[in-house]
Structure formats: C-alpha cells, structure tokens
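Welcome, and please open your viewer. We will walk through one model together, stop by stop.

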Amino acid sequence: GEPMPRIYSVEKRQEIVILFMMVGLELIRRNGRKKMRIHELTKRVGIAQGTFYNFFNSKEMLVYALADSYQQSIKDKLEEIIQTKGYLERNDLRELYNCMFLKDEHNVYRFLTREDLQNLSTRLPSDCLYKMTDIKTTMETNLRHVREKKEPYDLDAVINWLQLMNLTIQNKDILVETGIEKIILQLIENMLDELF
C-alpha cells in the first residue's frame with residue numbers, strides 16, 4: 001500500500017512554509033518565476049515532491065505568499081518610522097521606494113515580469129490578486145502619515161508614477177539595463193513632486 005503521509009506539527013509546518021518561501025524567492029531571483037519547478041523546491045526543502053501541495057495550493061500561491069509577506073514588511077517598516085518620528089516625510093518615501101525598486105532582495109515584485117503577472121492574474125483567486133495589485137489603498141494609508149504634502153495633491157498622478165516604476169521593473173528585458181536605476185530614481189522624484 002501507499003506509505004502514510006507525514007503529519008507535521010504546527011511549528012514544523014510553519015518552518016517548512018518559511019523554507020519554501022526562502023527557496024522560492026532565491027529560485028525566482030536566480031532564474032525567474034517561469035523556471036521555478038516544484039521538484040526543485042521540494043528537493044531543496046527536503047520533503048517529498050507530492051507534499052508541496054500540503055503547504056501551497058499552487059506555485060502561484062507561493063508567489064502570492066512572498067508578495068504578501070513583502071507587503072507586510074513594508075507596512076512594518078513604515079509603522080516603525082511613524083512610531084519613532086510621528087510622521088513620514090519626503091526623504092522617508094524616497095528611501096523606501098529607492099530600496100523597494102532597486103535594492104531590496106526580498107521584494108519578489110522586482111523579479112516578476114509582465115508575463116508572470118498575467119499568469120498570476122489567471123491562476124490566483126481574485127482576492128489574492130486584488131491584494132497583490134491594489135496600490136491605491138496602500139498608498140492612501142501611507143499618505144495619511146505624510147507631513148507637509150501639497151493640499152490638494154493629485155493621488156491619481158501619484159499612483160500612475162508608481163505604476164510607471166512597476167512597469168519599468170516588469171519590462172526591464174526591453175530596457176537598457178545600465179539606465180534603469182537612473183530612470184527609477186527620476187520616477188521617484190516625479191512622484192514626490194506630485195506630493196510635495
């Protein structure tokens with residue numbers, strides 16, 4: 001007969017989920033989401049291939065978990081600044097977006113292409129997809145804590161500058177690589193000019 005499936009404790013499950021996320025992010029960074037294979041994930045995590053689905057419904061849900069966890073870490077980072085200073089200012093946002101788009105190795109969005117996002121949009125449950133792509137709510141929440149911003153500022157324009165940064169990153173395969181950083185830094189300033 002079939003061997004009995006392993007039963008994991010809550011702690012062990014949590015540990016395996018975190019391992020999957022670490023390994024998944026590393027594989028996406030190295031070769032892109034399209035080349036991430038379940039057999040490679042499970043081999044590196046050290047569990048049977050079929051067991052993957054005990055932890056994630058699909059490869060796409062693993063990508064979603066990475067995106068969700070990253071969004072949470074950004075939220076925490078901003079809350080920390082707000083706790084410390086009581087507000088956010090132009091330079092806090094400049095540093096945040098500079099890091100997000102150009103440096104942060106944990107930002108799975110930096111390593112997803114336009115094609116990856118289209119794939120996710122067809123395979124993720126709509127609430128997950130909405131959470132991954134809902135820039136407006138996040139932005140409105142953050143802006144409540146920003147000091148000395150223009151009144152009124154143009155929220156739609158702010159969001160569009162941010163979307164342009166996302167589009168730049170998602171389509172970096174058609175851009176001259178050495179010029180990307182300069183463009184992103186300029187887009188960040190354009191976005192900040194709409195706000196301040």
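Here is a tour that starts with the whole chain and then moves to single residues.

**Before you click**

This is a predicted model, in which local features need pLDDT of at least 70, side-chain atom pairs count only at pLDDT 80 or more, and totals for chains, interfaces and linings use all residues. Residues are numbered from 1 along each chain as its sequence is written, and side-chain values use heavy atoms, with hydrogens and water left out.

**Stop 1: the whole chain**

Show the chain as a cartoon. You will find nine helices and zero strands; helices (H or I, at least four residues) and strands (E, at least two) are DSSP runs, numbered from the N terminus. Turn the model around: the C-alpha trace spans about 70 × 40 × 25 Å along its principal axes.

The chain has 196 residues, and 43% of them count as buried. Buried means under 20% relative accessible area, exposed means over 50%, and partly exposed is in between (1.4 Å probe, protein chains only).

Which parts of the chain touch? Contact means heavy atoms within 4.5 Å. Of the contacts between residues at least 6 apart in sequence, 65% join residues at least 24 apart.

**Stop 2: R33**

Select R33, in the loop between α1 (10-31) and α2 (38-45). Is R33 buried or exposed? Its relative accessibility is 6%, so R33 counts as buried. Leaving aside residues up to four places away in sequence, R33 touches I28, K59, E60, V63, L112, D116 and N119.

Show the side chain of N119 too. A polar contact of 3.3 Å joins it to the side chain of R33. A polar contact is a pair of N or O atoms within 3.5 Å; within protein, one must be able to donate a hydrogen and the other to accept it, and residues adjacent in sequence count only if both atoms are side-chain atoms.

**Stop 3**

Side chains of opposite charge can pair when their charged atoms come close. A salt bridge is a side-chain nitrogen of Lys or Arg within 4 Å of a carboxyl oxygen of Asp or Glu. By this rule, the count is 19 salt bridges.

The side chains of R33 and E60 form a salt bridge (4.0 Å, N to O). This pair links distant parts of the chain, with E60 in helix α3 (residues 59-85) and R33 in the loop, 27 residues apart. Both R33 and E60 are buried.

R123 counts as exposed because its relative accessibility is 52%.

**Stop 4: other salt bridges**

Select K85 and E89, whose side chains meet in a salt bridge (2.7 Å, N to O). K85 is partly exposed at 33%, and E89 counts as partly exposed at 30%.

Then select E26, R30, E40 and R44: salt bridges link them in a network.

**Stop 5: C99**

Finish at C99 in helix α4 (residues 90-103). C99 counts as partly exposed, with 23% relative accessibility. It touches K77 and D104, not counting residues up to four places away in sequence.
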